[in-house]
Protein chains: 2
Amino acid sequence: MITKQSSIGIIGLGVLGGSYAQALSAAGYRSILGVDIDPNSIAWAKQQGWITEGTADSAAVQNCDLVICCLYPEVFVNWVRDNRKYFKKGMLLSDVTGVKRAVIDRVQELLDETVEFIACHPMAGRESKGIHYADANRFKNANFIIVPTASNSADAVETMRALAQDMGFKRISCLSAEEHDRMISYLSQLTHVIAVALMNADDNTHLAEFTGDSFRDLTRIARINEDMWPELFVLNKDYLIQDMDVFIAELQEFKELIAAEDIEGMRQKLIQSTARRAQFDKEA
Amino acid sequence: MITKQSSIGIIGLGVLGGSYAQALSAAGYRSILGVDIDPNSIAWAKQQGWITEGTADSAAVQNCDLVICCLYPEVFVNWVRDNRKYFKKGMLLSDVTGVKRAVIDRVQELLDETVEFIACHPMAGRESKGIHYADANRFKNANFIIVPTASNSADAVETMRALAQDMGFKRISCLSAEEHDRMISYLSQLTHVIAVALMNADDNTHLAEFTGDSFRDLTRIARINEDMWPELFVLNKDYLIQDMDVFIAELQEFKELIAAEDIEGMRQKLIQSTARRAQFDKEA
């Protein structure tokens, strides 16, 4: 079990890794190692008091009881391959990646039975990159998803649950990798693709002065981290393409109602969307 | 010219008509007639001090210097046909409808040269219906569009501009009917269609607990007035169907990039959407 005295390594001090370091230090964890290739990120984290030690050398994880990789998916898998030799016996490994099927098996295969990997997804992303945008306050309204497999121990799940609680996440849940990736495909990846497509379909920047809340709401997430998302889309492409097809078919159906001037058909669609959306307000 | 002493008639005391009455009475207009078939709406408006007189009888507009119809498009055109006989010489007529090409010519044809119609669109809609949801505070962040034609006088434009200023609108602009309808198609109608389609494409209400900001942002306007929007979609269907086709084509293109695992192609799309969206934040 991880305690406040355990040694925790955070790999990658970006916006999310920085927020983890911030949240864990604020929660009283005493030994937080930050690993990053950018000395400025380490200097910043130290200055804020978020880490007790910082280095660009991954070998430093050799004393860690828990290592959390805050890296993009492919970088994460490669980092594990390159640095597993430093993992101490009994170490717990976790991550923050936004897709799960594509990483869990690959990472578990890289590890022997002395190290356990427990996949997690803190749903607290934002469009800005880098530790200067780290803000653990965002965890207060965010979901933390633990994605255990048959190989995971109940102890690892409880450890991550306790850690997420200490970091202040609003809701902590467990999902299978398939459930997680399906959910993320519809609720997050599809919405980002829609926002990007709406922004790109036509250059309407000259209309900005006329924009009301609706267009702003729908395109807010069109400001997006261009280095991370394409990789996430590709790693979840089966579900995402399925969801895009279903959404496009629904749009086509609505278009036919407009073309046919089928007022009553549209009315029924709007009544349904209104009723469904109301469920989401209840859960808010 | 309309002054604070002029007699103003508001036809339809719904959420928008009610807000007009509220804003105009607050701005010091002394004579505001409210016409509505629902006696409860009239009673409410009177109780709030928003109107000085209320009736279900449209003949009461005979003393009005300015009449503003706060009705759905078809109801509006029919109301003008049925009640133009009561219009006094020199009366100014205005409206609030969300589409313009479909109403302006038809209304102007119904009027002789003694009455001028000046089309306006206060972009301050909301999903709720009825005077109890009226709230003139919403005008503070809203655009007011005046849509003059060649038949309109400069005086009528200035009158509506002054009125919109008195009601507290943030920005007042003039557009042609075509410009207005194109703008509304993309910025408002297309966004509502997308939100409705996203909500209807799949029943994901069981996922509500996992929903982050992005899905909530994109579907907020899926709670929608089912009586008004289908009519607006139909009355602007040429532009709207065009815009839906462009949007769907952009989605298809993005889908092909995902299928081809074209990371660099997606990166360019995301860079473009980020840059464009930044323009909208600047204008906010």
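Visitor: Which residue follows α5(A), and what is its phi like?

Guide: That's Gly168(A), and its phi is positive, near 95°. Do keep in mind that this is a predicted model.

Visitor: Noted. How many residues does helix α5 of chain A have, and how far does the helix reach?

Guide: Helix α5 of chain A covers residues 154-167, so to speak 14 residues. From first C-alpha to last the helix reaches 20 Å, close to the 20 Å expected at 1.5 Å a residue.

Visitor: Which residues of α5(A) are buried?

Guide: Ala156(A), Thr159(A), Met160(A), Leu163(A), Ala164(A) and Met167(A). Seen down the axis of α5(A), these buried residues fall within an arc of 130°, so they line one face of the helix.

Visitor: Why would such a spacing work?

Guide: An α-helix has 3.6 residues a turn, so residues three or four places apart point the same way.

Visitor: And which exposed residues sit on the face turned away from the buried side of α5(A)?

Guide: Ala154(A) and Gln165(A) are the exposed residues carried there.

Visitor: What covers the buried residues of α5(A)?

Guide: The cover includes helix α1 (15-26) and the strands β5 (92-95), β6 (116-123), β7 (143-147) and β8 (171-174), in chain A.

Visitor: Let's switch to the sheet in chain B. What is the strand order?

Guide: It's an open sheet of 8 strands with mixed pairing, in the order β3-β2-β1-β4-β5-β6-β7-β8. β3 (53-55) and β8 (171-174) of chain B stand at the edges with a single partner strand each, so one side of each is left without a neighbour in the sheet. On average, neighbouring strands are turned by 20° against each other, direction ignored.

Visitor: Where does helix α5 of chain B pack on that sheet?

Guide: Helix α5 of chain B touches β5, β6, β7 and β8 of chain B, and its direction makes about 30° with that of β6(B).

Visitor: Do tell me about β1 and β2 of chain B: parallel or antiparallel?

Guide: They run parallel, joined by 5 bridges. As one of the pairs, Ser7(B) has Ser31(B) as its bridge partner in β2(B).

Visitor: Zooming out, how many helices and strands are in chain A?

Guide: Chain A has 10 helices and 8 strands. Buried residues make up 51% of its 284 residues.

Visitor: What rotation superposes chain A on chain B?

Guide: A rotation of 180°, with 0.0 Å of shift along its axis and an RMSD of 0.0 Å. The two copies are thus related as by a two-fold rotation axis. Also, 100% of the interface residues of chain A are interface residues in chain B too, so the copies meet through the same surface.

Technical notes:
Residues are numbered from 1 along each chain as its sequence is written. Chains are lettered from A and ligands numbered from 1 in the order in which they are written. This is a predicted model: local features need pLDDT of at least 70, side-chain atom pairs count only at pLDDT 80 or more; totals for chains, interfaces and linings use all residues. Copies are superposed by least squares on the C-alpha atoms of residues with pLDDT of at least 70 in both. Two residues are in contact if their C-beta atoms, placed from the backbone, lie within 7 Å. Two strands pair if DSSP finds at least two bridges between them. Helices (H or I, at least four residues) and strands (E, at least two) are DSSP runs, numbered from the N terminus. Axes are lines fitted to C-alpha atoms, for helices over the stretch in contact, and angles run from 0 to 180 degrees between N-to-C directions. A residue is buried if 20 or more other C-beta atoms lie within 10 Å of its own, exposed if 12 or fewer, and partly exposed in between; C-beta atoms are placed from the backbone. The expected span of a helix is 1.5 Å times one less than its number of residues. The arc is that of the directions from the helix axis to the C-beta atoms.
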